[in-house]
Amino acid sequence: EQMDVGWFDSFFGAGPWTGFSVYPGLVNGGCCYGCRIAAGRRQESCCILGVWALDAGGLPVFPPSVLPMVVHEFCHTFCNPLIHEHREAMLDAAQALYARRAERMRRMAYSHPETMLCESLVRACVVRYRAAHEGPLAAVGEIAEQRRRGFDWTGELAALLVRREQQRGAFPTLADFMPRIAAFFNAQAARQRPA
């Protein structure tokens, strides 16, 4: 199955990127990472894809079901800088949300509240990619999977992203929408505080 790389520029409004590359992490086990390479005017989004299965010849095998993970890692290229730029507006909320699920997050190697914010935004973006390319049932399945992982707000955050998509004139880039995302996390934290 092929990935729609044009979706990233369209969705994030941040383009154009000059490259999207997937590299197998041959000595990395099953862990996956997203990163970017910037050199002059060239910006490349990279997915370092963990290798967890080999064929009889010892070469990596990636089933079609790996596509959402690749989308996830590419989304980090766009989401992480936005979260970092707006961290002050939502760090208190992130700390409160993280405290309630710290052990679970640490088991997934997310050892800081800001990392949880990056992962949260990425996961909601993957929901939107899957909705656009696989339909609503895939999006619902993705939301359910992320809830199982402790990202209880994925569905609500994805719904907020739908509202941004419906108001592209007001929010041409996801960066323009970040104050609404910060407000979302602050509201989530306020709802989870004990009365």
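Strands β2 and β3 run antiparallel and are joined by 7 bridges. Two strands count as paired if DSSP finds at least two bridges between them. Strands (E, at least two residues) and helices (H or I, at least four) are DSSP runs, numbered from the N terminus. The model is predicted: local features need pLDDT of at least 70 and side-chain atom pairs pLDDT 80 or more, while totals for chains, interfaces and linings use all residues. Residues are numbered from 1 along each chain as its sequence is written, and side-chain values use heavy atoms, leaving out hydrogens and water.

**The sheet**

Strands β2 and β3 form a hairpin with 2 residues between them. In the turn, Gly 40 has a positive phi of about 65 degrees. On the other pairing, β1 runs parallel to β3 (residues 42–50), again through 7 bridges. The 3 strands make an open, mixed sheet in the order β1-β3-β2. Because β1 (19–25) and β2 (33–39) are at the edges with a single partner strand each, one side of each has no neighbour in the sheet. From one strand to the next, the twist averages 25 degrees. Strands of a sheet pair through backbone hydrogen bonds.

The table gives residues that stand opposite each other.

| Residue | Opposite residue in β3 |
|---|---|
| Pro 24 | Leu 49 |
| Gly 25 | Gly 50 |
| Ile 37 | Glu 44 |

Helix α2 (residues 67–85) lies across β1, β2 and β3, at about 140 degrees to β3. Such angles run from 0 to 180 degrees between N-to-C directions, with axes fitted to C-alpha atoms, for helices over the stretch in contact.

**Helix α3**

How far apart are the end C-alpha atoms of α3? They are 17 Å apart, which agrees with the 18 Å that its 13 residues (87–99) should span. The expected span is 1.5 Å times one less than the number of residues. At Ala 93, α3 bends by about 30 degrees, the angle between axes fitted to the seven residues ending there and the seven starting there.

Several residues of α3 are buried, among them Met 90, Ala 93 and Leu 97; buried means under 20% relative accessible area with a 1.4 Å probe, counting protein chains only. The buried residues of α3 pack against α2, α4 (102–107), α5 (113–134) and α8 (174–192), where contact means heavy atoms within 4.5 Å.

The axes of α3 and α8 come within 8 Å and cross at roughly 35 degrees. Residues that meet there include Met 90 and Ala 93 in α3, and Phe 185 and Ala 189 in α8.

How values were computed. Buried means under 20% relative accessible area, exposed over 50%, partly exposed in between (1.4 Å probe, protein chains only).
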